[in-house]
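Reader: Could you walk me through this model, starting with the words you will be using?

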Amino acid sequence: MRTQMTGRKMFFAGKWVGRNRSIDVRDPQDNSLIDTVPAATAEDILQCVEEAKEGAKMAAAMSVHERMSVINKAAAYIEANQEVYAYTISREGSKTIREATKEVERCIQTLRISAEEARRIHGETISFDQMPGSENRVGYYQRIPIGIIGAITPFNDPLNLVAHKVGPAIAAGNAIIVKPATVTPLSALLLAEAFAEAGLPARVLSVITGYGSEIGDALVTHPAVRMISFTGGLEAGEGIVRKAGLKKISMELGSNSPVIVLEDANLEEAVAATVSGAFWAAGQNCLGVQRVYIQEQIMEAFQLAFVEMTNQYRVGNKLSEQTDMGPLISEKEAIRVENIVNEAIEKGARLLTGGIREGAFYSPTVLTDVPENCTISKEEIFGPVVLLYSVENLDLAIKKANDVEYGLQAGIFTNDVRKAHEAIAKLDVGGIMVNDSSDYRIDAMPFGGVKKSGLGREGIKYAIEEMTEPKVVCFKL
Ligand code: NAP
């Protein structure tokens with residue numbers, strides 16, 4: 001493994017380069033300095049796009065077997081160095097080492113699926129003779145690479161969410177410029193290292209480190225960047241959509257996911273899955289369970305079991321294998337979560353457990369009786385806080401679950417197949433998990449939201465569709 005974890009350089013069109021100005025990367029757990037990365041400028045982005053123009057030609061010229069081979073080699077490199085990757089994710093972000101290890105395993109999967117999907121990018125024949133006068137024509141469409149993709153990624157899955165853009169982009173024959181979250185750039189740079197080691201032609205991939213507020217516009221508004229693939233919060237996403245101009249946009253945004261638990265559900269399974277879904281990655285998870293609607297007959301039993309399991313969570317040192325939950329990404333974020341919880345309590349919510357902040361740590365928190373007029377009822381909390389609601393019936397649960405601006409994923413626990421189907425038909429979300437929480441995903445499924453949770457879908461095959469365009473060919477005979 002080549003990585004030298006001091007004064008990291010950024011991956012600029014196949015070269016590792018530094019800049020005079022740098023950004024400190026700190027461990028949120030104790031604020032210790034892990035490394036520094038260059039603070040790129042808008043001029044860097046402009047130059048990088050010029051390089052990527054060549055990169056796009058090179059990527060498109062790679063045969064499918066070459067693309068597959070390079071992606072598989074990158075996956076193998078990560079597999080051979082799994083511990084370094086997991087340690088980096090855990091150190092710079094807020095995941096525990098166990099959560100980080102899972103992310104590395106998923107990243108390897110994401111890349112291997114990307115390599116596989118490269119051989120399945122095809123079009124279809126077209127029956128031109130359906131149009132009178134077109135009897136003597138035959139043809140087809142094929143899918144061609146879109147060109148240069150600008151990828152902007154968040155802090156909470158700093159490796160796998162980058163792989164979800166880089167893998168499909170390269171599989172489809174595109175060049176890609178990644179701007180990772182400023183607080184977690186090291187994992188994305190490690191991904192670039194895997195591709196460099198795998199022999200990806202220079203200029204096809206860049207990972208440019210810098211503040212979104214300083215370099216974002218240059219990437220987003222550049223006319224040669226044909227697609228912006230963004231994963232992050234609603235505010236930044238909406239700003240990007242307004243500025244991007246005429247290009248493809250893929251938006252993977254936030255949510256405040258609901259889970260419905262009906263009286264006939266397996267209580268033990270429902271509790272275990274919703275607790276894990278609420279507190280995975282300290283709740284900093286776009287699929288995280290935020291609102292649980294429990295049928296009134298089982299509310300008391302569910303609540304008791306839920307709080308008991310929550311209280312068993314071991315919060316502490318991220319790097320210990322024993323730890324279940326680490327800190328939030330910063331003390332500032334923990335204070336934001338604390339304020340939102342306190343506002344709910346002041347307005348009448350009941351705190352069942354948690355609500356304690358120490359630096360960047362916030363204890364797993366369970367609230368009930370949360371009034372509608374609290375921020376937490378409608379907005380995304382993005383922290384380890386879950387709201388339990390008692391509901392009379394499925395109808396009301398669905399109505400309340402839908403009564404927010406987000407719609408990424410939802411879960412329902414029931415053994416009644418009709419009720420499950422009713423929920424599937426009526427919940428306004430991009431995915432529904434029956435007998436699981438909203439927090440379930442495999443990397444090969446179509447993934448994305450409706451309403452303010454986003455636009456477009458990821459999940460390799462679906463990302464490839466967004467990252468390619470059909471080109472029609474017609475022969476007049
Ligand atoms: P964020 O603050 O929106 O930042 C995301 C990325 O956007 C970062 O790289 C950030 O750069 C960049 N950015 C910010 N302002 C920008 C601008 N004006 N122009 C261009 N880029 C800009 O989100 P976050 O706090 O990292 O992540 C949390 C959010 O992501 C949550 O809402 C979560 O639900 C969502 N998320 C969604 C999914 C999904 O698949 N649907 C997955 C994971 C996370 P800087 O770091 O330099 O500010």
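Author: Buried means under 20% relative accessible area, exposed over 50%, and partly exposed in between, with a 1.4 Å probe and protein chains only. This is a predicted model, in which local features need pLDDT of at least 70 and side-chain atom pairs count only at pLDDT 80 or more, while totals for chains, interfaces and linings use all residues. Residues are numbered from 1 along each chain as its sequence is written, and side-chain values use heavy atoms, with hydrogens and water left out.

Reader: OK, so what does Asp369 count as?

Author: Asp369 counts as partly exposed because its relative accessibility is 45%. Asp369 lies in the loop between strand 17 (365-368) and helix 12 (375-378), where helices (H or I, at least four residues) and strands (E, at least two) are DSSP runs numbered from the N terminus. Although Asp369 is not a glycine, it has a positive phi of about 50°.

Reader: Moving to helix 5, how many of its residues are buried?

Author: Twelve of the twelve residues of helix 5 are buried, and among them are His164, Lys165 and Val166. Just after helix 5, Gly173 takes a positive phi of about 85°.

Reader: What is Val166 in contact with?

Author: Taking contact as heavy atoms within 4.5 Å, and leaving aside neighbours within four places in sequence, Val166 is in contact with Ile176, Val178, Leu191, Phe195 and Leu205. Val166 is also one of the residues with the most contacts inside the largest nonpolar core, which has 86 residues. A nonpolar core here is a set of buried Ala, Val, Leu, Ile, Met, Phe, Trp, Tyr and Cys residues joined through side-chain atoms within 4.5 Å. A second, separate core of 29 residues includes Leu262, Leu367, Ile376 and Ala423.

Reader: Changing topic, is Glu103 buried or exposed?

Author: Glu103, which is found in helix 4 (residues 97-118), counts as buried because its relative accessibility is 3%. Not counting residues up to four places away in sequence, Glu103 touches several residues, including Lys95, Asp157 and Leu159. The C-alpha atoms of Glu103 and Leu159 are separated by 7.3 Å, although these residues are 56 residues apart along the chain.
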